[in-house]
Amino acid sequence: MNDASSIHPVDERLPIGRLATLGIQHVLVMYGGAVAVPLIVGRALQLSPEDVAFLISADLFVCGIVTIIQSLGLTRGIGIRLPVMMGVTFAAVGPMVSMAAMTPGIDGARTIFGAIIGAGLVALLIAPIMGRLLKFFPPVVTGTIILVIGVTLMRVGVNWIFGNPFGPTAPKLVDPAHAQWLAGLKQLAATGGPAVPDGLVLGATVPNPIYAEPGHVALAAFVLVSILVVARFGKGLISNIAVLIGIVIGCVAAALLGMMHFDRVASAGWFAVVTPLRFGMPIFDPVLIATMSLVMIVVMIESTGMFLALDEMTNREVKQQQLTAGLRVDGLGTIIGGLFNTFPYTSFSQNVGLVGVTGVKSRYVCVMGGVIMILLGVIPKMGALVEAVPTFVLGGAGLVMFGMVAATGVRILSTVDFKSSRNNLFVVAVSVGFGLIPMIAPNFLMWMPHAIHPIIESGIVLAAVSAVVLNAFFNGLSIERSACVEAARLADGH
């Protein structure tokens with residue numbers, strides 16, 4: 001028999017009770033971030049509540065599958081076999097929301113999933129050469145990209161609180177009297193009167209009573225304050241899941257005030273198999289695949305940093321072969337995600353941080369976490385419950401979640417030498433400016449070729465390209481392993 005002391009802590013098999021407890025900890029830490037992406041994208045696609053609930057269930061289900069593949073290992077060349085929890089990345093949200101705006105509904109979903117599957121295949125193929133691409137992504141580049149991701153997502157959180165700028169929650173609506181007048185003109189035109197010009201639409205001039213409704217704003221503020229109080233006074237796990245606790249508190253308050261309804265939760269089943277290709281065959285658009293592939297390169301650079309950080313935290317050396325095996329799961333997981341109606345996957349940095357906090361290095365804890373995520377995914381009531389959470393409750397939490405992503409970018413940039421290398425200021429300044437263009441001037445691309453719209457509509461993609469090019473121009477192409485590890489240690493916001 002093998003001496004127990006000879007077993008590396010990463011391979012230690014803990015008692016089932018402790019495994020379950022620690023696995024639940026990992027699930028709680030990542031749960032808020034894991035369900036945010038399907039909520040954002042599902043609502044951007046204007047899908048039905050039932051379809052959004054399905055996206056949430058599919059996401060949890062695939063989170064579990066990909067986590068098990070990564071931590072347990074599938075073959076010698078797939079899976080890093082370290083304590084890693086896999087979840088959907090916020091980095092892909094901007095491009096996916098842009099795609100949803102171009103083509104909402106089921107066809108938009110099929111287009112997004114096609115881009116995801118294509119990008120996952122690209123990521124799977126380039127995993128062995130990612131080590132050579134590190135030189136393009138020093139901390140000044142990754143920090144800038146993550147900062148822009150957070151700033152871009154903040155718009156989503158703010159709109160969750162007050163209301164979307166378009167649709168039924170827009171700040172202003174068309175005056176009913178004006179709409180009636182236009183309808184009368186059209187009827188008159190149909191009977192021989194003057195023709196109504198094609199494309200004539202009425203401007204919205206009447207304030208919308210449900211936009212920025214004071215009760216909704218107050219509840220969002222209550223959620224935000226609850227999160228801050230828990231983060232300030234909570235200890236250990238409680239502090240780590242402050243966002244999740246804040247959402248739960250907000251849901252309880254909303255339910256007591258009659259602002260949250262559970263009809264769809266009651267009608268949802270207790271068990272359902274998550275089926276692939278629910279929305280039909282994916283649509284493969286080469287330009288959209290290229291856009292998402294660029295996002296995947298950024299995601300894999302971050303994963304590389306996470307794995308190198310785990311190398312030091314667990315005292316298990318991550319060689320090139322193991323690094324490639326781990327990065328392949330980013331690609332494979334993304335392919336599985338696209339097939340099962342969900343999104344790109346990466347290692348969750350919050351959970352890497354939890355390994356350091358708890359000191360428990362066993363990869364089987366994350367395997368158990370993956371099993372728990374699969375179980376949550378096949379319970380439709382869980383997806384329906386998350387979908388039922390009012391958007392203004394999520395908005396209070398979104399300010400924290402998305403703001404933390406931006407703050408993470410700032411933390412990474414704090415390691416960059418701006419004093420003796422002032423050119424780094426140009427890299428950050430110009431790239432952030434490029435990243436804000438689609439948010440500030442969304443119609444800037446109206447005269448540009450339609451084929452490149454998906455690429456330039458995403459501030460994240462624009463910022464990434466700008467940062468890589470400017471860094472190469474000013475600083476050349478070199479990066480130290482230690483710099484990558486340090487950036488990964490700081491990247492615990494998404």
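**Helix packing and selected residues in a predicted model**

In helix α12, residues M296, V299, M300, S303, T304 and F307 meet L323, G326, L327, D330 and T334 of α13, where contact means heavy atoms within 4.5 Å. The contact of α12 with α13 comprises six nonpolar, four polar and one charged residues; Ala, Val, Leu, Ile, Met, Phe, Trp, Tyr, Cys and Pro count as nonpolar, Asp, Glu, Lys and Arg as charged, and the others, Gly among them, as polar. The structure is a predicted model, in which local features need pLDDT of at least 70 and side-chain atom pairs count only at pLDDT 80 or more, while totals for chains, interfaces and linings use all residues. Residues are numbered from 1 along each chain as its sequence is written, and side-chain values use heavy atoms, with hydrogens and water left out.

**Overall architecture**

- The protein contains 21 helices and four strands; helices (H or I, at least four residues) and strands (E, at least two) are DSSP runs, numbered from the N terminus.
- The radius of gyration of the protein is 23 Å, close to the 23 Å that the globule rule gives for 494 residues, so the protein is as compact as a globular protein of that length. The radius is taken over C-alpha atoms, and the globule rule is 2.2 Å times the number of residues to the power 0.38.
- Taken along the principal axes, the C-alpha atoms of the protein fill a box of roughly 95 × 55 × 45 Å.
- Of the 494 residues, 52% count as buried; buried means under 20% relative accessible area, exposed over 50%, and partly exposed in between (1.4 Å probe, protein chains only).
- Among contacts between residues at least 6 apart in sequence, 86% join residues at least 24 apart.

- The axes of α12 and α13 are 10 Å apart, and the two helices pack at an angle of about 140°. Axes are lines fitted to C-alpha atoms, for helices over the stretch in contact, and angles run from 0 to 180 degrees between N-to-C directions.
- That angle makes α12 oblique to α13; angles under 35 degrees count as roughly parallel, over 145 as roughly antiparallel, 65 to 115 as roughly perpendicular and the rest as oblique.
- The crossing of α12 and α13 is right-handed. A crossing is left-handed if the near helix is turned anticlockwise from the far one by less than a right angle, and right-handed if clockwise.
- Helix α12 (residues 286–314) also packs with helix α20 (residues 459–475), at an angle of about 60° and with the axes 10 Å apart. This arrangement makes α12 oblique to α20.
- α12 passes α20 in a left-handed crossing.
- On the α12 side, T291, L294, V295 and V298 meet V461, A464 and V465 in α20. The residues of this contact divide into six nonpolar, one polar and no charged.

**Packing of α1 against α2**

- The axes of α1 and α2 cross at roughly 140° and come within 9 Å.
- α1 passes α2 in a right-handed crossing.
- M30, Y31, A34, V35, P38, L39, G42 and R43 in α1 meet V52, L55, I56, D59, L60 and C63 in α2. The residues of the contact divide into eleven nonpolar, one polar and two charged.

**Loop residues with positive phi**

- Most residues other than glycine have a negative phi.
- Q46 has a phi near 60°, a positive value in a residue other than glycine. Q46 is found in the loop between α1 (16–44) and α2 (49–72), and counts as exposed at 63% relative accessibility.
- N341 likewise has a positive phi, near 65°. N341 lies in the loop between α13 (320–339) and β4 (345–347), and is buried, with a relative accessible area of 1%.

**Buried helical residues**

- S226 has its place in helix α8 (residues 214–233) and is buried, with a relative accessible area of 9%. Leaving aside its neighbours within four places in sequence, S226 is in contact with G246 and I249.
- M313 lies in helix α12 and is buried, with a relative accessible area of 19%. The C-alpha atoms of M313 and G359 are separated by 8.7 Å, although these residues are 46 residues apart along the chain.
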